[in-house]
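Here's a quick briefing to read with the model open in your viewer. Have a look at the fold first, then work through the notes below.

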Amino acid sequence: MLPQKQAEEAMVSTFDQIESGDRDREDEEREKDQSAGFSFKTFLWHGGSVYDAWFSCASNQVAQVLLTLPYSFSQLGMISGIILQIFYGILGSWTAYLISILYVEYRSRKEKENVSFKNHVIQWFEVLDGLLGPYWKAAGLAFNCTFLLFGSVIQLIACASNIYYINDNLDKRTWTYIFGACCATTVFIPSFHNYRIWSFLGLGMTTYTAWYMAIAALVHGQVEGVKHSGPTQLVLYFTGATNILYTFGGHAVTVEIMHAMWKPQKFKYIYLLATLYVFTLTIPSATAVYWAFGDQLLTHSNAFSLLPRTAWRDAGVILMLIHQFITFGFACTPLYFVWEKVIGMHDTKSICLRALARLPVVIPIWFLAIIFPFFGPINSAVGALLVSFTVYIIPSLAHMLTFRSASARQNAAEKLPFFLPSWTAVYLFNAFVVVWVFVVGFGFGGWASMTNFIKQVDTFGLFAKCYQCAPKAPPPPRPAPAHH
């Protein structure tokens, strides 16, 4: 009985410390706001509530991938597409929950040692380092940074792909140059604490676009001779499956979002609630567009390319462009933090100095977007090779190893979830996630997505000027001069 009592006292003490620290942060911000009076800057800029975290998760989870899900449905077929969305949505919510548990555990241990995080943003690789050691830190840093790097690349490619459907006077490569410069302005946003208005607007934009796609496809009706032959090839099937794995694996920024909250221990079920909302956007839109266009989507990875041009579609394109700017910032901000820590600028309070220090992060992203402008295929490749480890395998293994001893389980800062109150059940489910994602996501998905990716490189070449652009009609011939 004595060890159990000590464990309970330690747990209460830990929560008291975290709650006290959270109250101090919240009170400090409130004092600032009250001394300044109500201002739009405070209302739009300072976000740390549960609602801010929900908007950030829901907004960040589905961005340009919303436009590629109909393409994935054409590879998978309707039934597999819907089932895999629900399946990977559940797995993604579970591993986001694990990450939140590990964050609270790490922070509670550090705060017992009187470590202050007042001017320091905790990141995933630091959680792994504190709980499991330097080798795990290296693995977390490598996978997370590479995933976020290519996630940012995808946003630039998507910007160029979308704007081309409004203005095709410039090719997609030129648009990539332009949007690379625009997205570089995200260096001025200090942290996820300052994304309040952007997260709110971003979710509104994806909500509009998803329902526009669903309604426009239904109004348009099925094209003549429409075929729904998927799945037809294993390569295409697993490519589509890994794109969906990528869709619900957008929580590489979970720790940073949690750290921006006043009470991060309330994050536990936020990602699940965000996922349930995202289902209302992704399933109707992908289903309707695939129903309308069928196999045509196999050669049109961006759904905008098939929907008829109207003011409604152009509005959707513009809103998605703005949202992709926001998502670029979401993906790049953790990279900014890592770079700041490497060069010793993370504690600098000057926004302009930090922005200047961050600029070298944007340049390789810009360059890679110009080299590999393959919109849909790169999503699948990133999903199979990076998301599978970053988002699913590493969190599951880390949770199993962190709580492998009886004392660690007794002294855990967070109790087991009410829906899975047995450590044995938690271990079995974690083991299932690791095996499934490694074999199906990384193994079959990696083979399929890289096969498809190499095919795109062979077909279009590197530095493709205008990937999947319809050939422009030649100008009409000039009339011959009249003979007098």
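Asparagine 60 sits in helix α3, which spans residues 50-61. This is a predicted model, and in it asparagine 60 comes out buried, because its relative accessible area of 13% is under the 20% cut-off.

**Around asparagine 60 and glycine 202**

- Asparagine 60 and threonine 206 are 146 residues apart along the chain, yet their C-alpha atoms are separated by 9.9 Å.
- Where does glycine 202 sit? It belongs to helix α9, residues 196-220.
- Glycine 202 has 0% relative accessibility, so it counts as buried.
- Once you set aside neighbours within four places in sequence, glycine 202 is in contact with Ser59, His323 and Ile326.

**How α3 packs on α12**

- The axes of α3 and α12 come within 9 Å, crossing at roughly 50 degrees.
- That angle makes α3 oblique to α12, and the crossing is right-handed.
- On the α3 side, the contact is made by Val50, Ala53, Trp54, Cys57, Ala58 and Gln61.
- On the α12 side, the contact residues are Ile270, Tyr271, Leu273, Ala274, Thr275, Tyr277 and Val278.
- Sorted by class, the contact of α3 with α12 has 11 nonpolar residues, 2 polar ones and no charged ones.

**How α4 packs on α12**

- Helix α12 (residues 270-293) also meets helix α4 (residues 65-76), with axes that come within 8 Å and cross at roughly 55 degrees.
- α4 and α12 are therefore oblique to each other, in a right-handed crossing.
- From α4, the contact uses Leu66, Leu69, Pro70, Phe73 and Ser74.
- From α12, it uses Leu281, Thr282, Ser285, Ala286, Thr287, Val289 and Tyr290.
- The tally for the contact of α4 with α12 is 8 nonpolar, 4 polar and no charged residues.

**How α7 packs on α14**

- Helix α7 (residues 134-163) packs against helix α14 (residues 351-371) at an angle of about 55 degrees, with the axes 9 Å apart.
- α7 and α14 are therefore oblique, and α7 passes α14 in a right-handed crossing.
- α7 brings Leu149, Phe150, Ser152, Val153, Leu156 and Ile157 to the contact, while α14 brings Ile365, Trp366, Leu368 and Ala369.
- By class, the contact of α7 with α14 comes to 9 nonpolar, 1 polar and no charged residues.

**The core and what's buried**

- Buried residues account for 55% of the 484 residues in the protein chain.
- The largest nonpolar core holds 132 residues, and Tyr88, Val127, Phe267 and Tyr392 have the most contacts inside it.
- As background, nonpolar side chains in soluble globular proteins tend to be buried together.
- Beyond its neighbours within four places in sequence, phenylalanine 267 is in contact with Ala53, Cys57, Ala96, Ser100, Thr254, Ile257, Met258 and Met261.
- Of the contacts between residues at least 6 apart in sequence, 87% join residues at least 24 apart.

**Glycine 249**

- Glycine 249 lies in the loop between α10 and α11 (254-259).
- Buried or exposed? Glycine 249 is buried, with a relative accessible area of 0%.
- Valine 387 is 138 residues away from glycine 249 in sequence, but 6.2 Å away in space, C-alpha to C-alpha.
- Leaving out neighbours within four places in sequence, glycine 249 is in contact with Phe147, Tyr271, Val387, Val391 and Tyr392.

- In general, most residues other than glycine have a negative phi, and most peptide bonds are trans.
- The peptide bond from glycine 230 to proline 231 is cis, with omega near -5 degrees.
- Proline 231 is in the loop between α9 and α10 (234-247).
- Asparagine 114 isn't a glycine, but its phi is positive, near 65 degrees.
- You'll find asparagine 114 in the loop between α5 (78-112) and α6 (124-132).
- With a relative accessible area of 71%, asparagine 114 is exposed.

Note on methods
Residues numbered from 1 in each chain as written. Predicted model: local features only at pLDDT ≥ 70, side-chain atom pairs only at ≥ 80, totals over all residues. Heavy atoms only, no water. Helix = DSSP H or I, 4+ residues; strand = E, 2+ residues; numbered from the N terminus. Buried < 20%, exposed > 50% of the residue type's maximum accessible area, 1.4 Å probe, protein only. Contact = heavy atoms within 4.5 Å. Core = buried A, V, L, I, M, F, W, Y, C linked by side-chain atoms within 4.5 Å. Axes fitted to C-alpha atoms, helices over the stretch in contact; angles between N-to-C directions. Parallel < 35°, antiparallel > 145°, perpendicular 65-115°, else oblique. Left-handed = near helix turned anticlockwise from the far one by under 90°. Nonpolar A, V, L, I, M, F, W, Y, C, P; charged D, E, K, R; others polar.
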